[in-house]
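Student: I have a model on screen and would like to learn how to read it. Where do we start?

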Amino acid sequence: MKLIRYVVGRILLLANFLTRPKPAIRSQVEQDEIDAAMSGMSLYQFSACPFCVKVRRHMRRRSINIELRDARDNIEIKNELVREGGKHMVPCLRIETDAENVKWLYESNDICAFLDSELDRLKST
Ligand SMILES: N[C@@H](CCC(=O)N[C@@H](CS)C(=O)NCC(=O)O)C(=O)O
């Protein structure tokens, strides 16, 4: 079972690589603003999880650069996700607006929608 999961995971990563979307192109100033606005976010994920691949592709298509945290192999990150996020499920977006204000957002569709809404918000300011 583990072997099958491993092989399927490698096929998924290969297919993802071969069909990777083109990143959005924007000015350096705009990109720096977006990077700064999203610097308090990190994505807890597994490399070969299809839902995580979906979010990473979404980020790539929109040139969103968010730190990726490996919640499968890194035990500290895994424990942090369970302790603070509430469950061991990925993808999960950690959104830190300030030291006392941290939100944990699960569900790939909700994460993609949230990232889009952040981009829209930044565009309109
Ligand atoms: N509906 C969720 C499904 C996420 C999901 O099933 N993630 C799996 C990995 S692919 C998971 O975290 N499983 C828990 C585990 O492996 O411990 C989404 O769209 O994000």
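Tutor: Start with a helix pair. The axes of helix H1 (residues 2–18) and helix H3 (residues 50–61) come within 11 Å and cross at roughly 15°. Axes are lines fitted to C-alpha atoms, for helices over the stretch in contact, and angles run from 0 to 180 degrees between N-to-C directions. Helices (H or I, at least four residues) and strands (E, at least two) are DSSP runs, numbered from the N terminus. One caution: this is a predicted model, where local features need pLDDT of at least 70, side-chain atom pairs count only at pLDDT 80 or more, and totals for chains, interfaces and linings use all residues. Residues are numbered from 1 along each chain as its sequence is written, and side-chain values use heavy atoms, with hydrogens and water left out.

Student: How are H1 and H3 oriented to each other?

Tutor: Angles under 35 degrees count as roughly parallel. H1 and H3 are therefore roughly parallel.

Student: Which helix packs against H3 at about 15°, with axes 9 Å apart?

Tutor: That is helix H5 (residues 108–123). H3 and H5 are therefore roughly parallel too.

Student: What should I look for at the ends of H4?

Tutor: Look for polar contacts, meaning pairs of N or O atoms within 3.5 Å; within protein, one must be able to donate a hydrogen and the other to accept it, and residues adjacent in sequence count only if both atoms are side-chain atoms. At the start of H4 (residues 75–85), a side-chain oxygen of Asn74 comes within 3.0 Å of the backbone nitrogen of Glu76. Just after H4, Gly86 has a positive phi of about 115°.

Student: Where is Pro91, and what kind of peptide bond joins it to Val90?

Tutor: Pro91 sits in the loop between H4 and strand E3 (92–98). The Val90–Pro91 bond is cis, with omega about 0°.

Note on methods: Angles under 35 degrees count as roughly parallel, over 145 as roughly antiparallel, 65 to 115 as roughly perpendicular and the rest as oblique.
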